[in-house]
Amino acid sequence: MIRIETERLILRPWRVEDAEDMYKYARDPAVGPNAGWKPHENFEESRETVRIFSDTSGKNLILAIEEKASGKVIGSVGIEEDGRREKVDTARSLGYVLAQSHWGRGLMTEAAGAAIDYAFRELKIKLLSVDHYPNNDRSRRVIEKCGFHFDGRLRRATKLYNGEIRDLCCYSMTAAEYYLRDAKRRGLSLILPEEISLEKIGEYQAEWREERIVPYGARRKEGQSLKEWLEYNIAVRVADPSRPEISPSHTYFVVDEAGELLGAANLRHTLTEPLLHHGGHIGYGIRPSQRGKHYAPCMLALCLEKAKERGIDRVLVTCVEENKASAATIEACGGVLENKVEFEGELFRRYWINL
């Protein structure tokens with residue numbers, strides 16, 4: 001049983017007894033046409049719609065929006081098949097409607113935000129689309145507040161129940177964009193090692209104890225001082241013509257708003273033969289004391305943003321076959337598995353993420 005709670009709302013499956021609440025808002029001529037359907041003419045029409053919405057056996061998931069304060073259903077939110085991406089199994093479309101009596105209170109943004117979280121975190125989709133008619137400014141504001149990317153205006157895109165043909169303003173959000181937004185919402189950011197005290201970096205490295213530090217760029221070589229490690233870390237950001245086998249790279253630490261070091265990531269600017277084979281553009285790791293807090297997808301998304309800023313439009317990220325958590329993180333950010341390769345007795349999964 002799906003039940004999603006927000007501060008003021010409960011998103012849940014439809015019940016037969018919800019038909020009366022639906023009829024109250026669905027008969028309103030200001031509601032249905034904005035969502036593309038005609039106002040309900042009678043109670044039976046609402047009851048049949050509730051029956052259809054109650055069927056959760058297919059790919060479409062349409063949930064009732066229940067207001068906690070009143071216990072009444074005041075609208076619906078759906079995660080449905082994307083009609084313009086029918087052959088893309090990991091794409092879905094967001095739809096919603098809200099009773100006019102509850103407009104202007106931020107409730108639709110609250111419900112849509114919860115549905116977006118569910119779509120990416122639970123359904124593991126890779127892209128969520130949404131659209132609105134050009135004259136529906138209320139819907140546009142909801143979409144913009146939720147962080148969708150404007151794809152463009154599709155002319156003569158749909159025919160309404162009354163035969164009218166309308167344009168659609170189309171938006172989308174990829175999994176990587178979702179986790180990037182989540183990272184910024186949580187106050188996470190990437191900073192360079194020279195922006196942190198060497199003492200903090202030393203404490204970070206010491207916490208790993210016998211466990212190998214990930215990524216490689218965050219490790220110190222045996223006998224290397226913290227100052228020497230930092231100097232090398234800065235130097236390796238620029239390509240060395242005498243050592244073409246080494247890709248220039250940036251090492252970042254991910255920190256929260258309090259400046260706590262949560263993990264580290266290494267972004268390689270180019271792919272040498274070993275990196276193309278099994279290393280990839282990005283390596284990342286969460287420090288032992290901060291695991292289990294869902295930081296990894298946020299950190300990877302932040303690093304993908306850095307890659308995009310460097311003009312890298314297709315990123316290779318890899319992990320060993322046994323590391324199910326890392327594979328789940330890469331897939332959560334939109335990684336598509338190309339193949340598996342062997343290196344030094346280990347099997348590596350190779351994922352590509354298009355930016």
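**Note on the predicted model: cavity, sheet and helix packing**

1. The largest cavity has a volume of about 30 Å³, where a cavity is a set of points, on a 1 Å grid over the protein atoms alone, at which a 1.4 Å probe fits but cannot get out, and where the volume is the space filled by probe spheres set on the points, which are joined across faces, edges and corners. The structure holds one cavity of 30 Å³ or more. This is a predicted model, in which local features need pLDDT of at least 70 and side-chain atom pairs count only at pLDDT 80 or more, whereas totals for chains, interfaces and linings use all residues. Residues are numbered from 1 along each chain as its sequence is written, and side-chain values use heavy atoms, with hydrogens and water left out.

2. The lining of the largest cavity, meaning residues with an atom within 4 Å of a point, consists of Ile-4, Leu-61, Leu-63, Val-77, Gly-78, Ile-79, Ala-115 and Tyr-118. Two or more lining residues come from each of E3, E4 and helix H4 (107–121), with E4 giving the largest share, three residues. By class the lining has seven nonpolar, one polar and no charged residues, on a scheme that counts Ala, Val, Leu, Ile, Met, Phe, Trp, Tyr, Cys and Pro as nonpolar, Asp, Glu, Lys and Arg as charged, and the others, Gly among them, as polar.

3. The secondary structure comes to 11 helices and 15 strands; these are DSSP runs numbered from the N terminus, helices being H or I of at least four residues and strands E of at least two. Eight strands form an open sheet of mixed pairing, in the order E1-E2-E3-E4-E5-E6-E8-E7, and its edge strands, strand E1 (4–5) and E7, each pair on one side only. Pairing here requires that DSSP finds at least two bridges between two strands.

4. The hairpin of E7 and E8 has five residues between the strands, and among them Gly-163 takes a positive phi near 90°. Eight of the 10 residues of E8 (residues 165–174) are buried (under 20% relative accessible area, with a 1.4 Å probe and protein chains only), so the strand is largely enclosed by the rest of the structure.

5. Elsewhere in the sheet, strand E3 (residues 61–67) runs antiparallel to strand E4 (residues 73–81) and is joined to it by six bridges, with Ile-62 opposite Gly-78. Helix H5 (residues 137–145) packs on the sheet, touching E5, E6 and E8, and its direction makes about 155° with that of E6. Helix H1 (residues 19–26) lies across E4 and strand E5 (91–98), at about 90° to E4. Such angles run from 0 to 180 degrees between N-to-C directions of lines fitted to C-alpha atoms, for helices over the stretch in contact, contact meaning heavy atoms within 4.5 Å.

6. In helix H7 (residues 198–207) the buried residues are Ile-201, Gly-202, Tyr-204, Gln-205 and Glu-207, and they pack against helix H8 (226–235), strand E10 (249–255), strand E11 (261–268) and strand E12 (282–286). H7 is followed by Arg-209, with a positive phi near 50°.

Note on methods:
Buried means under 20% relative accessible area, exposed over 50%, partly exposed in between (1.4 Å probe, protein chains only). On a 1 Å grid over the protein atoms alone, a cavity is a set of points where a 1.4 Å probe fits but cannot get out, and a pocket is an open set with protein on both sides within 12 Å along at least five of seven lines; lining residues have an atom within 4 Å of a point.
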